[in-house]
Every structure is written in structure tokens, then in C-alpha cells.
Amino acid sequence: MPDRDYKAYFIFLTLLAFLPVLVLGSLASQRLRPRATSEARVEISPGQILTSPNAAPIQLSALLYDSNNQPVFDGVSYQWGMSSTGVGQLVPNGNLATFYPTTIGQGSVWVTATSPSVAGTGSISVQVCANTLDCLAPP
């Protein structure tokens with residue numbers, strides 16, 4: 001009977017010795033996982049464009065926020081685009097862009113930001129009207 005107790009005691013100690021290794025390995029793998037991209041977002045400023053053809057260019061900026069609503073600055077690349085290129089020209093430069101309105105119409109400007117640990121997208125509406133007051137009038 002005592003031999004059997006030693007075997008059970010030995011198995012218990014062996015399992016107990018490996019428990020910290022399993023716990024530390026699990027914690028390390030959780031820290032290495034990238035954050036979910038669906039929780040990140042990109043904020044574009046200003047929040048919308050209301051302008052008229054051939055008006056002054058509009059300066060835009062974008063900033064990536066992670067799932068904890070913290071801004072991400074390091075290692076971020078920005079990709080800008082427009083849903084309707086007929087209303088104007090968008091000239092990107094990193095997290096900045098310049099919009100040059102040319103033709104009456106509407107669309108949106110979007111930006112995708114990617115860092116090593118998180119990625120997100122954002123968009124704003126664009127309205128180019130005969131004059132800015134026309135943009136503000138209800139349809």
C-alpha cells in the first residue's frame with residue numbers, strides 16, 4: 001500500500017510542477033495575439049466635407065485608434081480613397097490628405113490604417129454643391 005501512495009504522490013508533484021509552465025505559456029500567447037481589427041477605428045477630421053466647386057482645398061487628417069480607444073502613432077500606414085472621383089481630387093500624404101473640389105455631386109472619402117498590431121477604417125461624407133448653403137438645405 002505505501003508504494004501505491006508514493007506513485008500517486010509522485011504523479012501529483014509532477015503535474016504540480018508543470019502547472020506554472022502551462023499558465024505562463026498561456027499568458028504569453030495571449031499577449032502575442034494581435035488585437036481584433038473590427039474593434040479598431042480611424043477618425044477623419046473634419047467629420048464631413050460641405051463645399052462648392054473650385055473652392056479652397058480642404059485639409060484632412062486621419063488617426064488610428066485601437067480597441068481600447070487609444071491613438072496608435074507608431075508604424076501606421078494610411079491608404080486613402082474616394083467613392084466618387086467625379087466630385088474632386090484627393091491627394092494623400094501619409095495620415096494627411098488634401099481634397100480639391102471640382103464638380104457638383106456627393107460621395108465619401110475613406111481611409112484604411114494598418115499597424116503591426118491593429119487595423120481599422122473610417123469614412124466621411126462629401127457634398128460639393130453650387131454653393132455651400134445648398135449643401136445645408138434639406139433634400
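In which loop does Asp 66 lie? In this predicted model, local features require pLDDT of at least 70 and side-chain atom pairs count only at pLDDT 80 or more, whereas totals for chains, interfaces and linings use all residues. Residues are numbered from 1 along each chain as its sequence is written, and side-chain values use heavy atoms, with hydrogens and water left out.

Asp 66 is placed in the loop between β3 (58-65) and β4 (71-72), where helices (H or I, at least four residues) and strands (E, at least two) are DSSP runs numbered from the N terminus. With a relative accessibility of 7%, Asp 66 counts as buried, a class defined as under 20% relative accessible area (1.4 Å probe, protein chains only), with exposed meaning over 50% and partly exposed in between. The side chain of Asp 66 reaches the backbone nitrogen of Gln 70 at 2.9 Å.

Asn 54, by contrast, is located in the loop between β2 (48-51) and β3 and is exposed, its relative accessible area being 65%. When neighbours within four places in sequence are left aside, Asn 54 is in contact (heavy atoms within 4.5 Å) with Pro 101 and Thr 102. The C-alpha atoms of Asn 54 and Ile 104 are separated by 10.0 Å, although these residues stand 50 residues apart along the chain.

For the protein chain as a whole, the secondary structure comprises 2 helices and 9 strands, arranged along the sequence as α-β-β-β-β-β-β-β-β-β-α. Of its 139 residues, 27% count as buried, and among contacts with a separation of 6 or more, 57% are accounted for by residues 24 or more positions apart.

Methods. A polar contact is a pair of N or O atoms within 3.5 Å; within protein, one must be able to donate a hydrogen and the other to accept it, and residues adjacent in sequence count only if both atoms are side-chain atoms.
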